[in-house]
Amino acid sequence: MKEQEYRRIEEYMKACMTDAAHDREHVYRVLRAALKIADTEPEADRDILTAACLLHDIGREKQYADPKVCHAEAGAEMARRFLSELGWDEARVSHVSACIFTHRFRKGREPASIEAKILFDADKLDVCGAIGIARTLQYQGRVGEPLYWVDAKGDPLPGDPGEPASFLKEYRKKLSKLYDRFYTPAAAEMAKGRREIAEAFYQAVLQEIHLTD
């Protein structure tokens with residue numbers, strides 16, 4: 001990819017990113033992780049991968065405006081329009097759009113190409129470890145979700161599936177289960193150390209909640 005083309009895609013991305021948890025630095029971390037994973041997957045098209053990484057979260061603001069909107073679907077369509085206007089051919093546009101469409105974990109929506117799998121893994125890596133927890137708390141603060149809920153007796157609820165949204169629920173339902181869902185061996189290896197950090201933080205939060213309550 002030529003530098004001028006990269007810069008145009010990057011500037012479009014920057015114009016779309018208004019969320020602290022999904023800001024440009026998140027995008028850059030995803031891109032760097034994806035390129036590192038791609039070093040172990042020689043068949044990956046780096047131009048497709050780079051464009052998909054840069055544009056994967058551009059639909060976030062539409063989801064915030066309307067929670068019924070899936071940011072992956074919205075972003076895939078936005079990327080399609082932008083790259084077409086940039087002069088990309090239909091095959092490459094569709095490839096990038098498909099990567100973005102499947103980067104969000106949803107049953108029945110599995111990433112198909114190696115570029116889509118790498119994007120999925122790189123994005124999930126940024127939800128692991130200390131940065132992943134910090135980003136989760138940033139996001140929950142924006143949408144008004146608490147750290148935890150208490151029952152009628154004032155005891156903290158543990159974060160089980162039937163409870164209202166909270167950090168404890170998000171950790172148990174999603175964050176703790178990310179580590180078995182990577183498509184590439186490189187990403188799974190990169191996530192190992194982060195798992196221990198995240199679990200230690202979760203246990204520390206639980207301990208402090210019980211001490212203060």
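Helices are taken here as DSSP runs of at least four residues, numbered from the N terminus. By this criterion, R172 of the predicted model is placed in helix α9, which covers residues 167–173. R172 has a relative accessibility of 34% and counts as partly exposed, because the class lies between the limits of 20% and 50%. Leaving out residues up to four places away in sequence, R172 touches P158, G159, D160, K177 and Y202. D160 is 12 residues from R172 in sequence, and the two C-alpha atoms are 7.3 Å apart.

G159, one of the residues touched by R172, is located in the loop between α8 (129–143) and α9. G159 is buried, at 2% relative accessibility. Its contacts beyond four places in sequence are with L168, K169 and R172. The C-alpha atoms of G159 and W149 are 8.1 Å apart, with a sequence separation of 10 residues.

The protein as a whole contains 10 helices and zero strands. Its radius of gyration is 18 Å, close to the 17 Å given by the globule rule for 213 residues, so the protein is as compact as a globular protein of that length. The C-alpha trace spans about 60 × 35 × 30 Å along its principal axes. Of the 213 residues, 46% are buried. Among contacts with a separation of 6 or more, 62% are between residues 24 or more positions apart. The accessible surface is about 10,900 Å², and carbon and sulfur atoms contribute 52% of this area.

Helix α5 comprises 16 residues (71–86), and the distance from its first C-alpha to its last is 22 Å, close to the 22 Å expected at 1.5 Å a residue. The buried residues of α5 are H71, A72, A74, G75, A76, M78, A79, F82, L83 and L86. Their cover includes α1 (3–16), α3 (46–55), α4 (60–65) and α6 (90–101).

The structure holds 16 salt bridges. One of them links E77 and R81, with the closest N and O atoms 3.7 Å apart. E77 and R81 are four residues apart in helix α5 and are therefore separated by about one helical turn. Both ends of this pair are partly exposed, E77 at 38% relative accessibility and R81 at 41%. A salt bridge also joins the side chains of E90 and R80, at an N to O distance of 2.9 Å. E90 belongs to helix α6 and R80 to helix α5, so this pair ties together parts that are 10 residues apart in sequence. E90 is partly exposed, with a relative accessible area of 48%, and R80 is likewise partly exposed, at 25%.

In helix α10, K192 and E189 are three residues apart, about one turn of the helix. K192 forms a salt bridge with E189, the closest N and O atoms being separated by 3.0 Å. K192 counts as exposed, at 52% relative accessibility.

F201 is partly exposed, with a relative accessible area of 35%. Together with L137 and L147, F201 forms a nonpolar patch on the surface, and the accessible area of these residues together is about 230 Å².

Definitions and conventions. Residues are numbered from 1 along each chain as its sequence is written. This is a predicted model: local features need pLDDT of at least 70, side-chain atom pairs count only at pLDDT 80 or more; totals for chains, interfaces and linings use all residues. Side-chain values use heavy atoms; hydrogens and water are left out. Helices (H or I, at least four residues) and strands (E, at least two) are DSSP runs, numbered from the N terminus. The expected span of a helix is 1.5 Å times one less than its number of residues. Buried means under 20% relative accessible area, exposed over 50%, partly exposed in between (1.4 Å probe, protein chains only). Contact means heavy atoms within 4.5 Å. Patches are made of residues with over 30% relative accessible area and no salt bridge: like charges are joined within 9 Å, nonpolar side chains (Val, Leu, Ile, Met, Phe, Trp, Tyr) within 5 Å. Accessible areas come from the Shrake-Rupley method with a 1.4 Å probe; for residues, only the protein chains shown count as cover. A salt bridge is a side-chain nitrogen of Lys or Arg within 4 Å of a carboxyl oxygen of Asp or Glu. The radius of gyration is taken over C-alpha atoms; the globule rule is 2.2 Å times the number of residues to the power 0.38.
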